[in-house]
Amino acid sequence: MTAVNIPFTTVIGLEVHVQHQTRTKLFCGCVTTFGSPPNTQVCPTCLGLPGSLPVMNRRAFELALRAALALNCKIAAFTKWDRKNYFYPDLPKGYQISQFDLPFSYEGHLEVGDPKGAFEPCRVGIIRVHLEEDAGKSMHDEAAGTADSRIDLNRTGTPLCEIVTQPDIRSPQEARAWLNELKLLLVYLGVSDCNMQEGSLRVDANVNLHIPQDDGRIAKTPIVEIKNMNSFRSVERALAYEAERQWGEWQATGAELGSMPKQTRGWDDAAGITRGQRHKEESSDYRYFPEPDLVPVTVTDDQIAAIRASMGEPPAVLRKTLEQRWDISAYDADVLVNQGQELVSYFEELATLVGEGKAASNWMQQDVLRCLNERGGAIADFPVRPTAVADIIGRIKQGDFDTSRGREIFTTVIESGKDVADVVAGMGIAAVDDGDLKALCAELIAANPKIVADVQGGKEQAAGGLIGQAKKKNPNVNPGKVRAMVLELIRAMP
Amino acid sequence: MPADSGPEPTLTPGDVKKVALLGRLALSGAELKSLTAELSQIVGFVSQLAAVDTEAVEPLAHPLDAQNVFREDEPAASLPTSEALRSAPRQDGECFLVPAVLGDSGSA
Amino acid sequence: MSLTDRSATDLVAALRNGEITSVACTESFLARIEATNPTVNAFLSVNGEGALAEAARIDADRAAGKPVGPLAGLPVAVKDVLCTTDQPTTCASKMLQGFRPPYDADVVRRLREADAVLVGKTNMDEFAMGGSNENSAYGLVRNPWDLDRAPGGSSGGSAAAIAADMAPLAIGSDTGGSIRQPAGLCGITGLKPTYGRVSRRGLVAFSSSLDQIGPMARSAADCSLLLQTIAGHDPGDSTSLSVAVPDYTAELDKPLTGLRIGRVAAHFGPGLDPEVAEHVEATFAAYEAAGATIHEVELPHAAHGVPTYYLIAPSEASSNLARYDGAHYGHRWDGSRPPDDGGMTDFDSPLVEMYCRSRAEGFGPEVKRRIMLGTYALSAGYYDAYYAKALRVRRLIRQDFLDAFERVDLIGGPVSATPAFKLGEKTDDPVAMYLVDLYTVGTNLAGIGGISFPCGFTAGGLPVGFQLQGPALSEPLLLRAAHQYQQATDWHLRRTAALPA
């Protein structure tokens with residue numbers, strides 16, 4: 001699709017819930033380990049037993065502040081918590097402790113661009129970020145046909161940031177890119193592992209179409225909230241589907257925003273469609289009021305400064321830093337930064353040892369990342385450390401061997417676990433001394449009068465024909481040196 | 001003290017039914033009738049506050065002036081599952097059992 | 001003198017010096033409970049065996065020279081609104097019939113650490129909602145002074161237990177007067193501490209911003225003994241004050257010379273029973289005689305206290321009681337539909353019907369009334385007119401107290417407008433029942449302290465209570481002022497003739 005032939009603008013706002021990487025829950029000391037047997041991480045407080053009380057987890061609040069600061073939000077000097085009242089079996093208190101009218105942060109933004117220029121860089125406004133508790137899990141086995149649902153409250157009370165964006169996103173692709181950037185940011189900050197499979201990042205999307213009319217008016221389709229998307233790819237697909245669906249519906253009915261209540265639709269990933277969900281009028285009266293079991297929190301400028309100082313560079317800044325510090329392209333910086341903080345550290349260590357960024361960046365992308373992806377696992381566990389890679393690059397630079405030989409060595413180092421010097425020795429690689437090189441080149445020149453004639457006739461590239469032959473005779477020769485020596489000897493011929 | 005400002009608020013049985021559903025109370029016909037009258041009376045009584053001038057007064061949600069009460073992110077013992085489930089009306093040894101629900105309220 | 005006639009302070013001394021054993025002491029009170037409780041119904045559960053075993057352990061520890069706690073061996077009754085692992089915790093509700101919490105309330109923990117002997121759980125208005133103790137799912141409580149009258153509420157069981165000598169000390173809770181009003185109507189002493197002085201952890205919440213646990217006993221001296229044990233910071237309650245606990249008995253004997261006591265003319269309006277007024281005025285005179293000075297003060301917004309309270313408390317309650325839905329604990333509907341369904345049949349799902357019917361069956365009428373009122377006050381479109389408005393008036397009410405305490409040290413007055421009323425007298429008129437809290441709700445709305453103690457008897461032999469209210473953390477002064485009065489009078493020592501001795 002290109003912008004030219006789409007007769008509408010897709011307008012998207014996102015609501016993202018992110019679980020915090022704390023050891024314990026927001027209001028009690030139960031751990032938040034994912035995947036434990038049901039109801040093994042529960043206590044009177046998160047079970048909502050009579051008389052139990054919440055006490056706020058300091059770390060959870062600090063992580064929330066971190067996230068909000070990184071999202072360029074304003075931090076409220078005074079914030080409080082409210083009860084959101086609704087009955088649901090995964091919410092044992094009958095209310096969720098959340099934030100209503102005084103969220104701890106508001107009015108931020110996060111920019112996302114595409115280094116390949118697939119879309120214009122866009123700044124997505126953040127309406128608010130607030131800190132609340134997660135609910136538990138309801139499991140219903142429809143296939144078994146049982147009348148009961150099973151309730152596991154392990155997740156109940158896990159700290160959760162709710163991030164609500166302005167409707168600033170203009171395409172499903174942009175939405176996906178923005179979510180990737182948000183995830184990268186939150187992982188960089190240590191706020192969340194953002195693992196969608198484990199539910200530590202969840203996305204709902206609001207979408208409608210703005211359709212310019214002949215009279216200059218912009219018609220707006222009713223806003224639909226899409227739920228149940230369990231990957232960023234699903235978000236992109238669901239939004240694309242929904243835009244098409246709304247366009248079809250608009251053409252059929254002409255229904256505009258305000259003509260019906262907001263609709264909620266669930267994404268069916270297998271079927272690739274959204275389906276209408278039942279709307280309950282009554283359930284939306286949440287009767288918010290200030291949570292009397294908690295006291296308000298005030299945040300000083302000093303605290304904000306201290307958290308800012310501890311945050312390190314967010315990805316957007318880090319990309320620019322790498323570009324400038326190591327003289328690499330925006331694209332290269334993007335690839336490296338998108339791999340996470342640990343890989344960036346690896347790269348910077350390597351670049352420092354090598355003394356320049358480009359070679360280090362090439363090796364990172366073509367070799368380290370490739371092997372890492374093949375092997376799986378984290379960069380921290382990668383068997384070849386930056387010193388070894390720098391060693392290989394250094395030997396290439398001083399002409400001990402060429403890049404393809406260097407790659408063989410790199411692979412062997414990974415497979416054997418030996419260090420670079422041992423591998424080089426074991427492969428019989430030794431620098432070819434200049435005398436030997438000269439003798440080898442003289443021998444080849446003598447045996448290839450046609451090439452010599454071509455070179456003498458002005459076709460210098462013909463010398464390349466001798467490089468392959470030289471490598472056959474001695475795999476350790478440096479192709480560049482062979483080429484230089486051959487040309488020198490031919491020129492010196494009478 | 002009479003409610004001397006605004007119309008006398010009265011609740012209809014329909015209002016009471018709506019509130020009952022919101023508060024998850026299945027009222028009997030007799031309760032519906034008596035509560036309609038009683039709530040109207042009580043609401044009339046508390047509506048006397050409308051006469052108090054609170055123009056420049058901030059709400060006071062809490063008598064304490066305390067702020068910034070936190071706990072450290074240190075794990076504490078959880079209950080054994082059997083203890084957590086002990087008082088459940090229905091349970092299967094692992095989970096609480098309730099009449100069928102679809103999905104979590106989680107991202108509500 | 002039988003053991004059950006003696007004061008807590010006296011019994012603790014007797015236990016300490018070996019004059020009596022805890023087993024003997026506990027047996028005496030258990031015998032008294034056995035004889036009297038069938039009439040009074042002050043206890044919902046009595047832990048006879050457990051109490052005697054604990055008493056024996058404490059006696060043995062003491063005999064072996066092991067260190068024991070400050071209340072070692074003394075029986076204490078606990079209102080059934082506090083969680084106890086070894087006894088049911090029902091809040092006098094069918095909803096929590098037989099419920100056994102897996103944890104102890106912080107106050108219960110402190111009592112156990114002080115080696116108190118927990119003899120049983122006292123009756124109350126269901127979920128502490130009421131001023132007569134007639135709202136108990138397990139039967140009303142009778143006032144030991146006149147068995148046809150209410151003991152007050154919601155801590156009616158604790159008050160009656162003290163008045164009937166079934167326990168020397170009892171724990172109550174006070175949300176709008178629930179310690180002080182029954183104390184007044186039963187002729188005993190009860191203190192509502194400053195909000196945050198005593199941990200609320202394990203206190204089953206009624207209205208979280210108003211609830212506070214406090215001591216009930218015959219005398220102020222006994223109350224100070226109990227407060228000493230239960231007061232203190234609890235990191236598990238975010239609203240618990242992190243302020244050192246003073247020695248509550250240290251200054252009890254200091255004279256009241258120079259004490260400034262406020263008198264609020266509006267307290268003596270047309271609704272006040274003349275006999276009550278007479279005893280209250282006499283009490284002011286007694287304070288003057290003891291060296292205090294009396295000053296007229298105004299609490300301009302006091303008249304709005306009851307409507308403010310009846311918006312805030314039910315609103316918080318409607319949320320606090322949402323957890324009783326039959327899903328995770330407590331009563332669950334068995335699936336049989338009642339004959340009178342009130343036309344409420346559209347429940348949207350089996351789950352919602354389970355919720356609605358479980359709650360309809362588990363809660364009594366007053367609890368339902370307050371849930372309905374609170375749900376209404378918080379619902380869309382009404383919040384600003386009711387709940388938010390009440391919070392603004394709450395600030396005015398608190399400010400009235402702060403202003404008054406610039407001029408006086410304490411404010412005195414009646415606890416209740418009338419002495420104990422007849423059982424059933426107010427049950428058909430919720431607003432009349434709510435007005436019994438007229439003099440007490442201000443203390444809770446302002447978060448300050450208040451004490452109630454007997455200051456005379458009506459011609460018909462019913463106790464009359466006097467209330468002192470003091471600024472935040474003025475408990476030492478409140479206790480001292482009450483104690484000094486009790487040094488000069490014997491109202492608190494009088495025993496009822498309505499029960500066998």
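In this predicted model, Tyr95(A) in strand 6 of chain A is the bridge partner of Asn85(A).

Most residues other than glycine have a negative phi. Asn39(A), which is not a glycine, has a positive phi near 55°. Where does Asn39(A) lie in chain A? Asn39(A) is in the loop between strand 1 (9-19) and helix 1 (44-47). Asn39(A) counts as buried because 28 other C-beta atoms lie within 10 Å, and the cut-off for a buried residue is 20 or more.

Asn41(C) is not a glycine, yet its phi is positive, at about 60°. This residue sits in the loop between helix 2 (22-40) and strand 1 (43-46) of chain C. Asn41(C) is buried because it has 21 C-beta neighbours inside 10 Å.

Another backbone feature of chain C concerns a peptide bond. Most peptide bonds are trans. The bond that joins Gly153(C) and Ser154(C) is cis, with omega about 10°. Ser154(C) belongs to the loop between strand 3 (117-122) and helix 5 (156-163) of chain C.

The remaining topic is how chain C meets the other chains. In the contact with chain A, 35 residues of chain C touch 25 residues of chain A. Helix 9 (305-320) and helix 11 (365-378) of chain C each provide at least two residues of this side. Helix 9 of chain C gives the largest share, three residues. By class, the side of chain C that touches chain A consists of 16 nonpolar, 12 polar and seven charged residues.

The contact between chain C and chain B involves 58 residues from chain C and 47 residues from chain B. Several helices of chain C each supply at least two residues of the side that touches chain B: helix 9, helix 10 (350-362), helix 11, helix 12 (384-407) and helix 13 (430-434). Which helix of chain C supplies the largest share of that side? Helix 12 of chain C does, with 11 residues. The side of chain C that touches chain B is made up of 31 nonpolar, 14 polar and 13 charged residues.

Conventions:
Residues numbered from 1 in each chain as written. Chains lettered and ligands numbered in written order. Predicted model: local features only at pLDDT ≥ 70, side-chain atom pairs only at ≥ 80, totals over all residues. Contact = placed C-beta atoms within 7 Å. Helix = DSSP H or I, 4+ residues; strand = E, 2+ residues; numbered from the N terminus. Nonpolar A, V, L, I, M, F, W, Y, C, P; charged D, E, K, R; others polar. Pairing = 2+ DSSP bridges. Buried ≥ 20, exposed ≤ 12 C-beta atoms within 10 Å, placed from the backbone.
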